[in-house]
Amino acid sequence: MVNVYSKCPICSGDVIQGYNLAQRKCDVCGKNFVSNSFCKNDHYICNTCATKNYFKFIGEFVTDTKLKDPIEIANIIMNHPESNLIGCKHAIVAYVSVITAFKNSGGHVKDFQKMMKEIALSTSICPTSMCKLGGFCGIPLTMGVAMRTALSEDMDEDVRTELSNKLTGDCMGHLGNENNTGNKNCCTRNTYLTIINASKFISRNLWVEIPLPKIINCNYHEGNPRCNKTECKIYHGMFTNKSNGK
């Protein structure tokens, strides 16, 4: 069984993810990688090559934007032509949206260039088809990276590790316990839920209030093979409980 999750940049054919790993050669850089994703016409592009222009867009956008709402930031990024409905790029969306909102809401991010390196790290933490291979969503894992980026390097290492672990676990548990939002394999759903939970956690623990919209509506269900439509409450519009401190 395979699932369609994006289109091949070379031929626009369906890119599928299977259950078996195989060595594949990137058609752009020529390097060999182990992956379970491939084009139905046997093309393969590695994560680095597939996200090169995406990173450039994100870097320019994050540098210039003054937006404080992480959901609004996420929607702008997900509207980019190179963004997929399903796939590891959602890990980048979650990380960037939360950190940018934190910074624009008064939080301190010391080194933007370091932040961009952390974006690349978040991609490696959530490789393509993590859910298929590992049995769990990799998007919440990037929140540990986000927390370490947000915390001062002068802070006690044990405290930084504790908060990073708590945020990651909190987001992962939130996805597992959110039983009324439709298909748990929907990357857009998991991105929204992770952003909401991480924003509330940071607002409680770092004294920087990250604003959230009162309600979230998903505009990405068209063409999404994993969408359960009316069974997902984000499809109808989900209240975020605007008070982040609770």
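1. Trp207 deserves a look at the outset: with a relative accessibility of 76%, this residue counts as exposed, and its place is in the loop between α9 and β4. Although Trp207 is not a glycine, its phi is positive, at about 60°, and the residue follows helix α9. As background to this point, most residues other than glycine have a negative phi. The model is a predicted one, and the backbone angle of Trp207 should be read as a value taken from that prediction.

2. The loop that holds Trp207, between α9 and β4, is also the place of Leu212. Is Leu212 buried or exposed? With a relative accessible area of 3%, Leu212 is buried, whereas Trp207 counts as exposed at 76%. In sequence Leu212 and Asn241 are 29 residues apart, while their C-alpha atoms lie 8.5 Å from each other in space.

3. Helix α9 itself (187–205) has 17 of its 19 residues buried, and it is therefore largely enclosed by the rest of the structure. Its length is consistent with its residue count, because 19 residues at 1.5 Å a residue should span 27 Å and the end C-alpha atoms of α9 are 26 Å apart, which agrees.

4. Asp42 lies in the loop between β3 and α1 and counts as exposed, with a relative accessibility of 61%. Between Asp42 and Gly13 there are 29 residues of separation in sequence, and the C-alpha to C-alpha distance is 9.6 Å.

5. On the aromatic residues, the structure holds two aromatic pairs. One of them is formed by Phe33 and Tyr44, with 6.4 Å from centre to centre and 50° between the planes, and this pair is tilted. The pair links distant parts of the chain, with Phe33 in strand β3 (residues 32–39) and Tyr44, 11 residues away, in the loop between β3 and α1 (47–50). Phe33 is partly exposed, its relative accessible area being 27%, while Tyr44 counts as buried at 8% relative accessibility.

6. The other pair consists of Phe57 and Phe61, whose ring centres are 6.0 Å apart and whose planes meet at 5°, so this pair is stacked. What separates Phe57 and Phe61 along helix α2? The two residues are four places apart in α2 (residues 52–64), which means a separation of about one helical turn. Phe57 is partly exposed, with a relative accessible area of 22%, whereas Phe61 is buried, with a value of 14%.

7. For helix α2 as a whole, the buried residues are Tyr54, Ile58, Gly59, Phe61 and Val62.

8. Ser164, in helix α8 (residues 157–177), counts as buried at 5% relative accessibility. A polar atom of the side chain of Ser164 lies 2.9 Å from the backbone oxygen of Arg160. With neighbours within four places in sequence left aside, Ser164 is in contact with Gly144, Met147 and Arg148.

9. For the chain overall, there are 10 helices and five strands, and 51% of the 246 residues count as buried. Among contacts between residues at least 6 apart in sequence, 62% join residues at least 24 apart. The accessible surface comes to about 11900 Å², and carbon and sulfur atoms account for 50% of it.

10. The chain has an average pLDDT of 78, and 80% of the residues score at least 70. Which elements have the lowest and the highest mean pLDDT? Strand β1 (residues 3–7) has the lowest, at 52, and helix α3 (residues 70–78) the highest, at 92. Over residues 242–246 the pLDDT stays under 50, and for these residues the model has 11 contacts beyond four places in sequence. Where pLDDT is low, the predicted coordinates should not be read in detail.

Note on methods:
Residues are numbered from 1 along each chain as its sequence is written. Side-chain values use heavy atoms; hydrogens and water are left out. Rings of Phe, Tyr and Trp (its six-membered ring) pair if their centres lie within 6.5 Å; planes under 30 degrees apart count as stacked, over 60 as edge-to-face and the rest as tilted. Buried means under 20% relative accessible area, exposed over 50%, partly exposed in between (1.4 Å probe, protein chains only). pLDDT is the predictor's confidence in each residue, from 0 to 100. Contact means heavy atoms within 4.5 Å. The expected span of a helix is 1.5 Å times one less than its number of residues. A polar contact is a pair of N or O atoms within 3.5 Å; within protein, one must be able to donate a hydrogen and the other to accept it, and residues adjacent in sequence count only if both atoms are side-chain atoms. Accessible areas come from the Shrake-Rupley method with a 1.4 Å probe; for residues, only the protein chains shown count as cover.
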